[in-house]
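Work through the exercises below with the model open. Each task is followed by a stepwise solution.

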Amino acid sequence: MLLSLKIKITIITFMFLTIMAVPSPTQVMMEMPTLAINLPKIDMKQVLCMARNIYYEAGAEAMPGQAAVARVVMNRVNHGFAETPCKVIYQKTTINDNIVCQFSWVCEGKGDPNKASARYKQAELIAYQVMAGMHKDVVPKSALFFHAITVDPLWPYKQVAKIGNHIFYSKQKVKNEQKSN
């Protein structure tokens, strides 16, 4: 379902404001100015895939950490991993007869998150914002991988950021002696 950006921003704003116990959506809507610009349409299916990924990968993180995870997905789309965020998120690879998911929660078979929770609603808001072009500078465009700080996969990639409990990498290879520093 494709909705205009104005409608989506209005819907997401209402959801966020409802959580924050501010005036009712009716009151807010009456006070919201109309936008007279032509904004791009964003596929809500893609926003919901992205929100689910943010929720499971970085739901407990602050907004910059959540936005960074979403940016990695968009960077992968832009680098040709797959055509859409949903396809990137659910992408699987077979290595030595083992199926490997790009995002661990996908292979773990996690169910739907509680979509009424504040944590999910924030993930949805950030997903929408990232897909609308916000949070572009949270990680570089070259950031294509990340992992929790609690693991060390010994990746040969160049570290480009550390945000919250995640370390982000570009595909640029580093020498082994640099990795150990």
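**Exercise 1. Strand pairing**

Solution. 
Step 1. Place the strands. Strands (E, at least two residues) and helices (H or I, at least four) are DSSP runs, numbered from the N terminus.
Step 2. Count the bridges. Two strands pair if DSSP finds at least two bridges between them.
Step 3. Look at the turn. Two residues lie between the strands of this hairpin, and glycine 164 takes a positive phi near 60°.
Step 4. Alanine 148 faces histidine 166 of β7 across the pairing.

A note on the source: this is a predicted model, in which local features need pLDDT of at least 70 and side-chain atom pairs count only at pLDDT 80 or more, while totals for chains, interfaces and linings use all residues. Residues are numbered from 1 along each chain as its sequence is written, and side-chain values use heavy atoms, with hydrogens and water left out.

**Exercise 2. Salt bridges**

Task: How many salt bridges does the structure hold? Locate the partners of each.

Solution. 
Step 1. Apply the criterion: a side-chain nitrogen of Lys or Arg within 4 Å of a carboxyl oxygen of Asp or Glu. The structure holds three such bridges.
Step 2. Arginine 52 pairs with aspartate 112 at 3.6 Å, N to O. This pair links distant parts of the chain, 60 residues apart. Arginine 52 sits in helix α3 (residues 44-58), and aspartate 112 in the loop between α6 (104-107) and α7 (118-131).
Step 3. Glutamate 83 meets lysine 87 at 2.7 Å, N to O.
Step 4. Lysine 110 meets glutamate 108 at 3.7 Å, N to O.

**Exercise 3. Accessibility of the partners**

Task: Buried, partly exposed or exposed?

Solution. 
Step 1. Set the classes: buried is under 20%, exposed over 50%, partly exposed in between (1.4 Å probe, protein chains only).
Step 2. Arginine 52 has 17%, so this residue is buried. Aspartate 112 has 59% and is therefore exposed.
Step 3. Glutamate 83, at 59%, is exposed. Lysine 87, at 47%, is partly exposed.
Step 4. Lysine 110 is partly exposed at 36%. Glutamate 108 is exposed at 51%.
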